[in-house]
Amino acid sequence: MVDDLIESWLADLRTALAALDDGEADARWAEHTAEAGLRTAAYGPYDAGKSTLLKRLLVADGTEVPGWLTVAGHPETDESRPIRSGDLVYVDTPGTRSGVDASDELAHLTAEQADVLLVVVSPKLLGGDTARLLATVREAARRAPASVLFVITQLDTLQDPEYDPDGYRELAGRKRAELLALLATRDITGSAVHTVSADPYGRVGKKAAPQPADYGDSAGWDGIEELRADLATRLPRQDELRRAAAARYWTGTGTRAVAAARTRANGLQAELSDAQEHRRRAVALARRLDALDARARSDLHGSIRDEMTSAKSATAYASVDNLLTAIDQRLRGCVEAWLTRSGSELREIAEEAATEGALATTGPGSFRKYLHRVADLGETGAAGGGGKGRFGDIVTTGSAHAGRLSGEVFKIKHGMPVETARAELDRLKEFDAEKLAEYFAGEGKFGDKEHVEAVTKSVKTVDVVANIVPTVAEFGTLLFRQVTEEVREKRARAREAKLRKEINETADRIAEFLLANSPEQGGTGWARAVETIRAGIEAGAPGDDVVKTMIADLAAVERATLAVESILAREPR
């Protein structure tokens, strides 16, 4: 009845664990149980003589000693390897307390799976840090006392059994009593304790293929036959011991899985909090960008309208050319002031977006780690945008667009007059490569090719009105005619509404041209800068779909963890 309850409980536990480890524990157990035989793990500190004991047992069984089973005075075994010997499958494990965490962990996990634990200790017994070893042994002994056999080795190094057999027997009895008393303080009872001299007087040592005769005539006191006989009594109980091993393995696996899942959940929670915070800041930054864009557009439209209306209200001009010159001057100042004001705000947002992008890729809770882990995304992946390189390029480009016109206009305006720069550029068009090199090396106004290219672009951006001459000229002709007619006919009120409408339409066309076109096309590059920075903001923060996926993943881990914890808590006793 109890066995049926345990089997049902283990089935539930295995099913629940699959949600946490994708079936890895099932695969390990299947591999472990694939080979028939009573699996007996030699388990204990690295210097206790496990390999020496296994070597002697194999020789006594008449089983060939594998070449890899060697004896050394330092940690040498770094993997768990099975050796079949009749109905027994011995498993040599790495020694515990080896100073290598991975080897220690492998030893403990191998012992957890074994049907029988052959716990090998030196005459020093269980000194040092043996807490994990004793916890494994205690769990095994609790479920099936027959699954644990302690072996105290190397007693012949303390007392000569041939010279003083009584003293040797007294020493063996005393060490057995000491160990049993020590185990009792650790709540480990019912386990057999053997005293063994696996290699009397070190006669065999590192010999690769020893024979029974190599060990001499020590059968009366070395304890090997008694140990072999005790192991043989476990063979008929293999099913019982295997069930106990399964319970130990799945309980230990479940406990570790819960601890790992808790750590994973904590990491996911940190990543989720990071993602939500970056999303919140990105949304706020995008709203600031949208508000700035709307305000700047309205500001530019209004400024151009005001300047053109002011031109209308000024003293009558002698000609259309004079009017156009006045409009050109007014619009230059208007656009430069607008760019200085709005461009500064845009650059500030771009810099904040760049900072957000950098923060999103670092820190213990970085949601980028989640993206890379679950979607195999590189730094230029699609979900959540690119990484340092791509995001940096986006923001740098956007910031450059935002600041290009006002910064370069200022440089030309204060470095030399625009007319001088334009004339110098026209002169350089006639220069071949050799003459250009001489020019740059001499006292030319421009220091190198890059300087020429920068000034060329700046002249184009400063000359914004020249790129929309047809529109402005059309308006200038209209305005000139209207102003002179007003002066002559004194009928301003009748024409005011129509004129204001035409001024506003023309001003709006100019503003939209400046906003929509790049500096190379005579515009300000504003629209492109805004869109580029907006893309950068989106690239630097997770989308709502990513946040929802993270929330779902965290909830799934927590559900699976609670399910395993609940099953572990109701283990049949």
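Asp115 sits in the loop that runs between helix 4 and strand 4 (116–121), where helices (H or I, at least four residues) and strands (E, at least two) are DSSP runs numbered from the N terminus. With a relative accessibility of 0%, Asp115 counts as buried, a word that here stands for under 20% relative accessible area, while exposed stands for over 50% and partly exposed for what lies in between (1.4 Å probe, protein chains only).

Leaving aside neighbours within four places in sequence, Asp115 is in contact with Gly37, Leu38, Arg39, Ser147, Leu241, Arg242 and Ala245, contact meaning heavy atoms within 4.5 Å. The C-alpha atom of Asp115 is also separated by 8.6 Å from that of Ala246, a residue 131 places away along the chain.

## The model as a whole

This is a predicted model, in which local features need pLDDT of at least 70 and side-chain atom pairs count only at pLDDT 80 or more, whereas totals for chains, interfaces and linings use all residues. Residues are numbered from 1 along each chain as its sequence is written, and side-chain values use heavy atoms, with hydrogens and water left out.

The protein contains 18 helices and 6 strands, and of its 573 residues, 47% count as buried. Among the contacts between residues at least 6 apart in sequence, 77% join residues that are at least 24 apart. The accessible surface comes to about 27,500 Å², and 52% of this surface belongs to carbon and sulfur atoms; such areas come from the Shrake-Rupley method with a 1.4 Å probe, and for residues only the protein chains shown count as cover.

## Two helix pairs

Two packed helices are described by the angle between their axes and the distance between the axes. Axes are lines fitted to C-alpha atoms, for helices over the stretch in contact, and angles run from 0 to 180 degrees between N-to-C directions. Angles under 35 degrees count as roughly parallel, over 145 as roughly antiparallel, 65 to 115 as roughly perpendicular and the rest as oblique.

Helix 4 (residues 101–113) packs with helix 5 (residues 131–143) at an angle of about 5°, their axes lying 10 Å apart, and the two helices are therefore roughly parallel to each other. In this pair, Glu105, His108, Leu109, Ala111 and Glu112 of helix 4 meet Arg132, Leu133 and Thr136 of helix 5. Sorted by class, this contact has 3 nonpolar, 2 polar and 3 charged residues, where Ala, Val, Leu, Ile, Met, Phe, Trp, Tyr, Cys and Pro count as nonpolar, Asp, Glu, Lys and Arg as charged, and the others, Gly among them, as polar.

Helix 3 (residues 50–61) and helix 7 (residues 224–232) pack at an angle of about 80°, with 11 Å between their axes, and are therefore roughly perpendicular to each other. Leu53, Arg56, Leu57, Ala60 and Asp61 of helix 3 make the contact together with Ile224, Glu225, Leu227 and Arg228 of helix 7. By class, the contact of helix 3 with helix 7 has 5 nonpolar, no polar and 4 charged residues.

Most residues other than glycine have a negative phi, and most peptide bonds are trans.

Tyr201 belongs to the loop between strand 6 (192–196) and helix 7, and its relative accessible area of 35% makes it partly exposed.

An unreviewed UniProt entry places the feature "coiled-coil region" at residues 258–295 and 480–509; UniProt positions are given in the numbering used here, feature names are shortened, and annotations may be inferred rather than shown by experiment. In the model, the span 258–295 is 100% helix and 0% strand, and its end C-alpha atoms lie 54 Å apart.

Leu20, found in helix 1 (residues 2–21), is buried, with a relative accessible area of 17%. Leu20 and Val258 are 238 residues apart in sequence, yet 8.4 Å apart in space, C-alpha to C-alpha. Not counting residues up to four places away in sequence, Leu20 touches Ala257, Ala261, Val557, Ala560, Thr561 and Val564. Glu538, in helix 17 (residues 526–539), counts as partly exposed at 37% relative accessibility, and its C-alpha atom is separated by 8.8 Å from that of Arg279, 259 residues away along the chain.
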